[in-house]
Amino acid sequence: MTTETNTSTSSCCGTGGSCGSGTTSDVQIQGAGATTTVYKVSGMTCGHCEGAVSQEISALDGVTAVQAVAETGELTVTSAAPLDEEAVRAAVDEAGYELVGRA
């Protein structure tokens, strides 16, 4: 039996983003919000990465929709009111990636 170990610290999927799906990850929760902000996130390489970031961001109070795109590194967040950027940074960090800033 052969066991492979992923030792990469920059991505959930190893060097080169080997599990990349080429798709985006959308999470939508209860209707449209009043504020849409686009952020840049580094380290996302595939659909799994997009899902991890989307899941953490969607847990923030007031978030109504999230779209993460690994290919561009963009994270689009719609919320009922403007979000605290430090809360967004903490959520992205919790997912294992780095918030670069607003796009």
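1. Gly-51, discussed below, is found in helix α1.

2. This is a predicted model. The chain has a mean pLDDT of 81, and 68% of its residues reach 70 or more. Over residues 1–10 the pLDDT is below 50, and this stretch has seven contacts in the model beyond near neighbours in sequence. Residues 28–33 also stay under 50, and for these the model has twelve contacts beyond four places in sequence. Where pLDDT is low, the predicted coordinates should not be read in detail.

3. Two packed helices are described by the angle between their axes and the distance between the axes. For helix α1 (residues 47–58) and helix α2 (residues 85–95), the angle is about 140 degrees and the axes are 8 Å apart. That makes α1 oblique to α2, since angles count as roughly antiparallel only over 145 degrees. The crossing of the two helices, α1 and α2, is right-handed.

4. Which residues of α1 and α2 meet? From α1 come Ala-52, Val-53, Glu-56 and Ile-57. Their partners in α2 are Val-88, Ala-91, Val-92, Glu-94 and Ala-95. Sorted by class, this contact of α1 with α2 has seven nonpolar and two charged residues, and no polar ones.

5. Gly-51 and Ala-68 are 17 residues apart along the chain, and their C-alpha atoms are separated by 7.5 Å.

6. Cys-46 lies in the loop between β2 (35–42) and α1. Cys-46 counts as buried because its relative accessibility is 2%, and the cut-off for buried is under 20%.

7. Thr-37 has its place in strand β2. With a relative accessible area of 13%, Thr-37 is buried. Where does Thr-37 make contact, leaving aside neighbours within four places in sequence? The residues in contact with Thr-37 are Leu-75, Thr-76, Val-77 and Arg-102.

How values were computed:
Residues numbered from 1 in each chain as written. Predicted model: local features only at pLDDT ≥ 70, side-chain atom pairs only at ≥ 80, totals over all residues. Heavy atoms only, no water. Axes fitted to C-alpha atoms, helices over the stretch in contact; angles between N-to-C directions. Helix = DSSP H or I, 4+ residues; strand = E, 2+ residues; numbered from the N terminus. Parallel < 35°, antiparallel > 145°, perpendicular 65-115°, else oblique. Left-handed = near helix turned anticlockwise from the far one by under 90°. Contact = heavy atoms within 4.5 Å. Nonpolar A, V, L, I, M, F, W, Y, C, P; charged D, E, K, R; others polar. pLDDT = per-residue confidence, 0-100. Buried < 20%, exposed > 50% of the residue type's maximum accessible area, 1.4 Å probe, protein only.
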